[in-house]
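Let's walk through this structure together, one piece at a time. Please have the sequence and the 3D view open as you read.

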Amino acid sequence: MQGALWPAAVQRRPALRLGRHGPLPVTGGEMEKGGSEGGGGGGGGGGGSAAGAGGGAEQLEAKVQRAVDFKAEGQRCYKQKKFREAIGKYHRALLQLKGLQGAPAAPAPGEPPAAAAPAAAEKSLLLGRAGWHRLTEEQRALAESTEIECYNSLTACLLQSELVNYERVREYCLKVLAKEKSNFKATYRAGVAFYHLGDYDNALLYLRQARSREPQDTNVLRYIQLTEIKISRCSRREKEVIA
């Protein structure tokens, strides 16, 4: 599984030091069967349908719990600095959540089966999961928070790699921010990823957003300084070329 994480956009890590929310900036210039049978079986068929719906709900709940368990295993691996193993655990957690997409939608009493899925899917932050309406509000919140934590943790693991895949870091951070715009870690790390990918305008945008949430964070302030230096140098070069 790990081999799929390192496409062409992998960059050699520029000697990053670890901080509370991710990498510290480098100094100087360096730079994760229930129907009825026949006319007389209507009552029995209804009971079978209810049992099937209950079983489906239990399966969905079990998937959420397995995702939570895999996430916890990933956190243990991360604390032990087993980053490759942690990445695998977080991906398995996400696969459990994606498995909710294939679950059939159970209609509400008196509602045609085809009408139940669209509204439930729209309510979910995770698009296309028609089965989520079977979960309780608490279970849905748990699944969504688990997904966000897994993507955040994946970025933390990737940033510990000798070769950092900054495109993947950016991708995961943006997934988190699409669901939770105020997430500080994802905002800061998105800025770091854009910086190392050479997109200094977007790097500055995300880093300034991170500063607005944590004004005293020294890592954010340092990366803002480095990004502004890069932008200034690029601007001078453009002027020299034009001249």
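**How the helices pack**

Start with helix α4 (residues 137-158) and helix α5 (residues 166-179), which pack at an angle of about 155° with their axes 9 Å apart. The model is a predicted one, in which local features need pLDDT of at least 70 and side-chain atom pairs count only at pLDDT 80 or more, while totals for chains, interfaces and linings use all residues. Residues are numbered from 1 along each chain as its sequence is written, and side-chain values use heavy atoms, with hydrogens and water left out.

Two packed helices are described by the angle between their axes and the distance between the axes. The axes are lines fitted to C-alpha atoms, for helices over the stretch in contact, and the angles run from 0 to 180 degrees between N-to-C directions. Helices (H or I, at least four residues) and strands (E, at least two) are DSSP runs, numbered from the N terminus.

The two helices α4 and α5 are therefore roughly antiparallel to each other (angles under 35 degrees count as roughly parallel, over 145 as roughly antiparallel, 65 to 115 as roughly perpendicular and the rest as oblique). Their crossing is left-handed, a term used if the near helix is turned anticlockwise from the far one by less than a right angle, with right-handed used if clockwise. On the α4 side, E147, I148, Y151, N152, L154, T155 and L158 meet R168, V169, Y172, C173, K175, V176 and K179 in α5, where contact means heavy atoms within 4.5 Å. The residues of this contact divide into eight nonpolar, two polar and four charged (Ala, Val, Leu, Ile, Met, Phe, Trp, Tyr, Cys and Pro count as nonpolar, Asp, Glu, Lys and Arg as charged, and the others, Gly among them, as polar).

How many of the residues in α4 are buried? The count is 16 of 22, so α4 is mostly covered; buried means under 20% relative accessible area, exposed over 50% and partly exposed in between (1.4 Å probe, protein chains only).

Now bring in α6 (residues 184-196). Helices α5 and α6 pack at an angle of about 150°, with their axes 8 Å apart, and that makes α5 roughly antiparallel to α6. This crossing is left-handed too. In α5, Y166, V169, R170, C173, V176 and L177 meet a set of α6 residues that includes A186, T187, R189 and A190. By class, the contact has ten nonpolar, two polar and two charged residues.

Helix α4 also packs against α6, at an angle of about 40° and with the axes 10 Å apart. That makes α4 oblique to α6. Here N152, T155 and A156 in α4 meet K185, A186 and R189 in α6, a contact with two nonpolar, two polar and two charged residues.

Take a closer look at T187 in α6. At 0% relative accessibility, T187 counts as buried. Leaving aside its neighbours within four places in sequence, T187 is in contact with L177, K181, Y206, Q209, A210 and R213.

Finally, step back to the chain. Its secondary structure comes to eight helices and four strands, running β-β-β-α-α-α-α-β-α-α-α-α from the N terminus on. Buried residues make up 41% of the 243 residues in the chain.
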